[in-house]
Structures are given as C-alpha cells and as structure tokens.
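User: I'd like to learn how to read a few features of a model. Could you take me through them one by one?

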Amino acid sequence: MKGLKKIGYLGPRGTFTEIAAKQAFPEDELIPIRSIPKVIDHAFSKTIDYAVVPIENAIEGTVNVTLDYLIHQKPMPIVASLSIGINQHLLMSPSKNVETYIPRKILSHPQAIAQCHRYLQMHYPEVEIEYADSTGQAAAWLAQHSNEDVCVIANEQAAKTYGLRIAARDIQDYDHNQTRFVVLSAKTQQPITIKNARHLGDKTSLMITLPSDFTGALHQVLSAFAWRKLNLSKIESRPTKTGLGNYFFIIEVDQLMDDVLLPGAIAELTALGCHVEVLGSYPSYSDQSVSAAIKQ
C-alpha cells in the first residue's frame, strides 16, 4: 500500500522483535529478516526505512552482535528505543504428550537459552542444546519437523503462529525480564514517536574511546558529565578489536542532545584526547503501563 514504511526486524514471524516492531510501527509493512546483521545491512543500504533489533536484555545484558555490528560495520543513528516484557515458554509439537515427552534436543536463540538456564538445568540437564538465529526461527523449524524429538523456547505468539503446544509457561529464570530494542535508520536522524507505548524519557548514546597514554582518563570522562549534572544510565566497555586491553565505552545520558551541556561535555572530552561519536539522541519507551508490574 502506498505510503507505508518498510520496517525490517529479526525474523521470522513469532519473534519478540516482531512484537516490538508491531508496537512501534502498527500500520506499516513489517519485513522479517533472518539475522541481526542482515537487518542492519538492509537499513544501512536503505532498502528498508527502519530496522528494529534487540540491544539489551535485563538478564543477559547487551546483545553484543547488535552493538558490535552497528559500531564496527554499519553505523547509523538510533532514532528510538522500546522495552518489552519477555515471557519464555517451552514449546513442543502438538502430536507429543506433554506429561511423558522428553525431548532429545532443545532449540532456541542463545539469549533465550541463557535466560532459561536454571529451568533447563533442573528439568533437562542431559538434553542437547542447539542455537538458532531467533526464537521465531526455532519455532518455524519445529513446525516443519514435527516428528523430530525437539522442543523450542519461544513466546506465545510463536506458538500461535506455528501451531505449537505450550508445554511449560514462564520458564525464564527471573520474573523481571525485559528486552530493549532499538530502531535504526540510515534515511533520517530524527527521533520517532511510538504512540501506543509509555514514554520513559530521553537518551543520548555516546561511544567514547579513551586516549591510550592518559592516566586517569575514565575518571576525567565521568567528571565531564558529573559537574554538568548530566545523569548517566549506562556505562559499558566493549573491545575495540584492535588488540588486547583496548576498549571503548558506551555511555547513555538521560536527555536529548541540547545546545549547551552535552556539546560542552563532548568538547571537554575531545580536548582530553578522547574520540567521541554520538550513536543517537532519541526517546525511550516501554510496553509496560505506569501501574503494571514489570514482567518478562
């Protein structure tokens, strides 16, 4: 339909990323893409208008493949972020008996497997674990191979999409499980509004590389924000991939880029010999209502 934006997301259908993409772009064309790097590739080449990819999980932390690929391979601005609750379920073919069935293998995305570690150790300590590109891909595979002795970990939407049975609900290790997704675009740097979600506030994400020969550089970096009373909600180090011991820092500031404070902090850091890149200045949203308890 004319006028619809093309939204790429980590597919296939039935992934948590599809849920996030539907909430962020309920009226646009959603295009499932098989891996996070390929989603980012399509956005970078402008064959889609926006990419929706996971960036951080409350249990497992940063989704490194997203962050590293975005920074080292296909840089483009973050224009919004959306956090959604994550409930992981154990799914099986409807032809199996829930009470007696023991799978030979459990298949899912590495993050989903890690989020359910205690459950798997308690109930299936000897069962083989195999990784898929996404929870939706695992569910789609099982639907096409229903005779295989395999269970998958995925969400309720995947169970409905692929006609699978929920053998065990909410098997994630922690109740307060959320994943944050970022919206990327090479076509615009303007932040977008997600209308049907709660606005949590605004963020500016920075990548800061410290000078190698400056003693106490990290302290100086943090001081540049502290005396300006700029609140930091995240500080994380990632390897520069140029040698052991070489790192850059991802810092999230709880406000949009302004005309004075953030440019002043960046200028101070540059004067110290740091390299600073703005990864995006954007609104942050959640699918949780103001009064709802967080659940994943």
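User: Is Ser 83 buried or exposed, and why?

Analyst: Buried means under 20% relative accessible area, exposed over 50%, and partly exposed in between, with a 1.4 Å probe and protein chains only. Ser 83 comes out at 10% relative accessibility, so it counts as buried. Bear in mind that this is a predicted model: local features need pLDDT of at least 70, side-chain atom pairs count only at pLDDT 80 or more, and totals for chains, interfaces and linings use all residues. Residues are numbered from 1 along each chain as its sequence is written, and side-chain values use heavy atoms, with hydrogens and water left out.

User: Where is Ser 83 found, and what does it touch?

Analyst: Ser 83 is part of strand E5, residues 78–85 (helices, H or I with at least four residues, and strands, E with at least two, are DSSP runs numbered from the N terminus). Contact means heavy atoms within 4.5 Å. Not counting residues up to four places away in sequence, Ser 83 touches Gln 178, Thr 179, Arg 180, Tyr 285, Ser 286 and Asp 287.

User: And which strand does Cys 151 lie in?

Analyst: Cys 151 sits in strand E9, residues 150–154. Its relative accessibility is 0%, so Cys 151 counts as buried too. Leaving aside neighbours within four places in sequence, its contacts include Leu 90, Leu 91, Met 92, Tyr 101 and Leu 142.

User: How many aromatic pairs does the structure hold?

Analyst: A pair of aromatic rings is described by the distance of the centres and the angle of the planes. Rings of Phe, Tyr and Trp (its six-membered ring) pair if their centres lie within 6.5 Å; planes under 30 degrees apart count as stacked, over 60 as edge-to-face and the rest as tilted. There are 2 aromatic pairs here. In one of them, Tyr 119 and Tyr 124 have ring centres 6.2 Å apart and planes at 55°, so that pair is tilted. Tyr 119 counts as buried at 16% relative accessibility, and Tyr 124 counts as buried at 13%.

User: How do helices H8 and H9 pack?

Analyst: Two packed helices are described by the angle between their axes and the distance between the axes. Axes are lines fitted to C-alpha atoms, for helices over the stretch in contact, and angles run from 0 to 180 degrees between N-to-C directions. H8 (residues 217–226) and H9 (residues 261–271) pack at about 160°, with axes 9 Å apart. That makes H8 roughly antiparallel to H9 (under 35 degrees is roughly parallel, over 145 roughly antiparallel, 65 to 115 roughly perpendicular and the rest oblique). Val 221, Ala 224 and Phe 225 in H8 meet Leu 262, Ala 265, Glu 268 and Leu 269 in H9.
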